[in-house]
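Dear colleague,

Please find the structure below, for your records.

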Amino acid sequence: MLTTFRYCARQRHGCKMAIINLPREDFEKYIKLTDEIKEKIFMFGVSLENVTDESIELDVTPDRPDLLSFHGFMRAFLAFLGKKPGLKSYVVKDGGKSYEVVVDKSVTGVRPYTACAIVRGLKFDEAKIKEIIDVQEKLHETYGRKRKKVAIGIYPLEKIKLPIRFEARRPEDICFVPLDFDRELNGIEILQRHPTGREYAHLLEGMKKFPVFVDSKGEILSMPPIINSELTGKITEKTRDVFIECSGFDFRVVSKALNMLVTVLADMGGTIYSMKLRYPDKTRVTPELMPEKVKLDKTNVERLLGIKLSETQMKKLLARMGHGYEKGYVLVPAWRVDVMHEVDLIEDIAIAYGYDNFEPEVPAIATTAKASAMEEFKSKIAELLVGLGMLEIMSYTLTTKKAQYANMLADENMARPIEVLEPRTELSILRENLLHLACKTLGDNVNAEYPQRIFELGKVFSHDEDGKSETGVREEERLAVALAPGNFTEAKQVLEYLARMLDIKLKFRPAKHESFIEGRVASVLLDGTQIGYVGELHPAVLRNWHIKMPAAAFEISIEEIFEKKFCKN
Amino acid sequence: MSVTDNGNERELLETLSPNERKILPFLGKSFDELCKLTSLDEVAVLRALQFLENKGLLRLRMEDKLVVVLDENGKRYVREGLPERRLLDVLTKHGSVAMENAAKLAGLDANELRAAIGALKKKAMVEIKDGKLVLMAGKDEAKKKMLEEIFLEKLPLALDTLEPQDKYALEMLRDRKEIVKVEKRKVISYELTELGKRFAGKKVKLDLIEELTPEMLKTQGWRGKKFRRYDVVSAVPKIYGGKKHFIRQAIEHVRKIWLELGFEEMEGPLITTGFWNFDALFTPQDHPARELQDTFFIKGKVGKLPGARLVAEVKKAHEQGIEGSKGWQYKWQEQEARKIVLRTHTTCLSAMTLAKLREADLPAKFFAIGKTYRNETIDYKHLVEFHQTEGIVVSPDVNFRHLLGYLKIFFEKMGFSKIKFVPHYFPYTEPSVEIHYLVSQFLFLLGVLASSALLWIIMG
């Protein structure tokens with residue numbers, strides 16, 4: 001939190017937000033976007049990012065994929081505003097015998113589940129087609145985990161002949177014209193040649209068979225999770241009826257995605273028809289739009305939120321979040337994916353109640369304050385060094401091999417750096433010492449005023465050979481000091497001053513260290529244990545960092561001192 | 001400072017530093033001449049002139065001008081003589097020399113010899129006859145300084161101040177190897193004010209004490225003497241003091257606030273297992289935050305998990321849910337939890353603390369301030385490493401209003417009195433709140449200050 005700039009929307013961790021754009025004109029057919037409404041959007045838990053004459057840009061949290069479309073958002077937001085509260089119900093009509101999808105057992109190890117539906121009587125215009133494509137993309141990206149968990153296909157019904165088969169075939173037996181192409185490709189070719197194919201090829205990697213949806217004419221509709229057919233997979237303004245399938249690895253997940261889609265299409269004016277899914281073991285019917293009944297104990301609500309509510313009040317608050325309520329049970333809409341516990345409903349009640357309306361209260365909980373002894377010790381050392389006129393630096397704990405080894409004349413071939421996987425910057429290893437970073441700082445500041453007397457307090461990392469840690473990485477608090485211009489005596493003076501002030505006795509022993517001038521470096525010993533080095537930096541090291549002044553430095557373990565001083569007994 | 005009457009004139013003289021006093025007799029000469037006449041270096045002369053400007057004696061002008069200066073060979077030739085000079089000297093002595101001996105006798109290399117002969121032939125001072133180099137000029141003429149030599153001695157000269165003979169010499173030397181070059185330089189010049197004109201040329205003989213020394217204190221040598229007056233108004237060079245890093249200052253400030261509220265500090269490793277960073281905090285294993293492009297994972301290390309009971313409980317919470325939750329409903333993988341990560345938040349410390357907490361320890365309040373990591377590209381609003389703080393209150397009867405109460409008081413102490421609580425989502429807190437702070441009277445919300453800075457759970 002200290003670096004507040006971190007919290008731009010994209011960065012909030014555990015929280016990949018999704019941006020959606022609502023057409024402002026359509027929005028304002030329902031409500032005028034006043035300052036008050038803008039604030040209501042925030043108080044509903046959605047960030048308003050940007051408003052123009054044409055669009056309203058919203059940032060939706062990942063727990064609410066049902067808000068990722070204009071119609072989905074409006075449904076929930078109008079309820080929140082009290083304009084259309086309560087559980088919205090949708091009629092699902094039985095489509096009859098041919099409304100059927102046969103799920104072949106060949107998909108079992110490939111992409112085992114699908115949930116399908118048909119929506120009829122739609123009137124598409126450009127805006128609606130865009131909304132449908134957008135919501136599909138957003139769901140793919142977020143809830144669908146980049147199509148891994150859920151892949152969605154929507155097809156104009158007039159182009160296909162029911163019933164549908166969902167089966168897996170060998171890739172060379174799959175042949176169709178993929179979207180935006182003008183000739184047939186087989187399964188392998190799609191993964192290699194089609195841009196979408198290449199992007200998602202990893203999802204079918206290593207599979208002997210690829211899943212396909214096929215209509216009763218034998219026409220391939222799509223190869224999920226990759227791409228639809230050019231012939232049957234494109235919605236136009238002429239489309240009236242659509243077939244929708246969601247496929248993935250968890251029936252509950254694909255079924256929820258379907259619910260989100262069909263309700264949006266129904267809000268656009270369509271009528272939902274169910275389909276029978278003939279799985280090898282049993283027949284399922286989707287979409288399942290019956291609300292889920294979740295028990296809610298009013299005393300838990302009151303205890304958790306610290307407010308008193310009547311049952312009627314509670315019912316009203318739940319209605320504002322789109323829920324129904326019946327005698328101790330909440331009827332949760334079938335398109336909500338985030339309600340897994342009573343507490344999620346309690347949060348919804350809190351949002352409906354309005355975070356503004358809670359009276360903040362500091363409870364009378366008496367506890368004793370306690371700071372970390374190590375952190376206090378570090379502050380103390382910082383104060384001592386500041387008293388000597390030194391400036392504290394704070395470097396990254398991640399560094400580069402060149403900085404840590406080559407620049408310091410250390411042999412990289414002998415080193416065992418602790419590396420991070422796929423870093424986005426050149427910082428690729430954890431630092432083993434602070435010394436090279438002190439040198440880096442001097443090198444970065446050759447044009448600043450001299451003398452430069454700097455220090456750093458921080459952790460360094462090494463392989464944990466004793467296996468004491470859970471991670472195999474040992475972390476150690478260190479102190480480094482660098483003086484430019486500076487010589488051995490000056491560096492040792494600082495170290496000895498520190499030792500006097502901390503009441504510890506240090507000993508020095510001539511040593512060898514590649515980063516220092518031979519004969520001008522000593523190991524620092526505390527009660528016979530080596531805790532660091534002090535010396536004059538080697539001219540080649542200075543040159544590597546472009547430092548134009550002679551410099552001296554030391555680095556010692558603060559942890560050793562801390563343990564000796566405070567943990568003796 | 002403007003000085004008119006004699007009393008002040010005297011005072012002004014008493015403020016002159018030794019260097020200013022040195023310059024005063026020559027005031028009016030060019031900057032370069034001042035340097036030569038006073039034997040002071042350029043910096044000292046410039047500083048003295050600046051002091052005199054402060055006293056109102058002159059107005060300094062610094063301009064970027066093209067200046068002819070000596071290049072590497074030019075510097076050497078000023079010391080050793082131009083090649084043509086050295087060749088002339090040989091010829092003056094011998095009258096003529098065989099071509100093959102010329103270079104050696106004059107101490108020139110082949111290129112220099114060629115250049116020297118060329119230059120002298122142009123002036124019709126030598127000729128080559130029968131493989132011999134013959135002096136054609138009279139001895140007096142040969143001894144006379146050439147324009148090029150006079151020119152080199154005068155350098156540096158501003159390009160726009162060159163006289164015709166200088167221009168000729170420059171023309172002759174310009175194309176020869178590294179003798180002269182034209183470069184952009186700051187040219188310092190000045191103009192005397194009325195006051196300056198009155199003082200210019202004055203020799204100041206004042207016996208003033210420049211610096212009080214321990215010796216003078218001992219001998220009382222200061223008695224009966226005057227101290228030179230200082231310009232007590234003008235700026236002095238900056239100095240810099242030692243300082244704690246501003247992040248440490250911020251950390252200490254935040255720590256103080258937590259301590260004032262009775263919280264106990266949590267500490268722990270920067271490197272941790274996926275278990276503590278994610279699984280124990282109910283972040284599902286397929287969550288995008290657990291991907292390489294978001295989080296730093298350590299190469300080639302597999303972590304250890306805590307006690308089997310805790311691991312089993314966490315697994316169950318993910319797979320089918322505990323305590324009334326439905327869980328995430330997927331197959332939880334131990335190997336995912338064993339991955340080693342650079343902690344992405346300090347909340348893993350809260351998880352570790354809660355795992356160790358016993359009922360007898362309640363109520364308890366903890367806080368953490370620490371470094372956290374994200375796999376980012378660095379720009380003005382993203383860093384790979386940054387600091388976070390968080391607090392946690394554990395008690396059987398804390399509620400949402402208490403969370404808001406602690407947040408309110410924490411932010412008040414941080415200096416944010418106008419904050420707003422806004423619903424938000426985090427996988428590990430329920431309900432979650434985000435804090436917005438108001439930066440002006442406008443009601444609109446700007447900037448986000450913190451995530452759920454305070455976590456809380458209900459126990460019992």
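In this predicted model, the side chains of B:Arg59 and B:Glu191 form a salt bridge (3.6 Å, N to O); the term denotes a side-chain nitrogen of Lys or Arg within 4 Å of a carboxyl oxygen of Asp or Glu. The two residues are 132 apart in the chain and link distant parts of it, B:Arg59 lying in strand E1 (residues 58–70) of chain B and B:Glu191 in strand E6 (residues 180–192) of chain B. Helices (H or I, at least four residues) and strands (E, at least two) are DSSP runs, numbered from the N terminus. B:Arg59 is partly exposed at 46% relative accessibility, and B:Glu191 is likewise partly exposed at 38%. Here buried means under 20% relative accessible area, exposed over 50%, and partly exposed in between (1.4 Å probe, protein chains only).

A further salt bridge pairs B:Glu149 with B:Arg85 (2.9 Å, N to O). This pair also links distant parts of the chain, 64 residues apart: B:Glu149 belongs to helix H10 (residues 147–154) of chain B and B:Arg85 to helix H6 (residues 83–94) of chain B. Both B:Glu149 and B:Arg85 are buried.

Between the chains, the side chains of B:Lys244 and A:Glu383 meet in a salt bridge (2.8 Å, N to O). B:Lys244 lies in the loop between strand E8 (226–227) and helix H14 (246–260) of chain B, while A:Glu383 lies in helix H11 (residues 373–387) of chain A, so the pair joins two chains. B:Lys244 is buried, with a relative accessible area of 11%, whereas A:Glu383 is partly exposed at 48%.

Over all chains, the structure holds 80 salt bridges. Through shared partners, A:Glu375, A:Lys378, A:Glu477, B:Arg255 and B:Glu265 are joined into one network.

As to confidence, the model scores ipTM 0.90 and pTM 0.80. Chain B has a mean pLDDT (the predictor's confidence in each residue, from 0 to 100) of 86, with 93% of its residues at 70 or more. Over residues 440–460 of chain B, pLDDT stays under 50. For that stretch the model has 78 contacts beyond four places in sequence, a contact being heavy atoms within 4.5 Å.

Residues are numbered from 1 along each chain as its sequence is written, and chains are lettered from A and ligands numbered from 1 in the order in which they are written. Local features need pLDDT of at least 70 and side-chain atom pairs count only at pLDDT 80 or more, while totals for chains, interfaces and linings use all residues; side-chain values use heavy atoms, with hydrogens and water left out.

Kind regards
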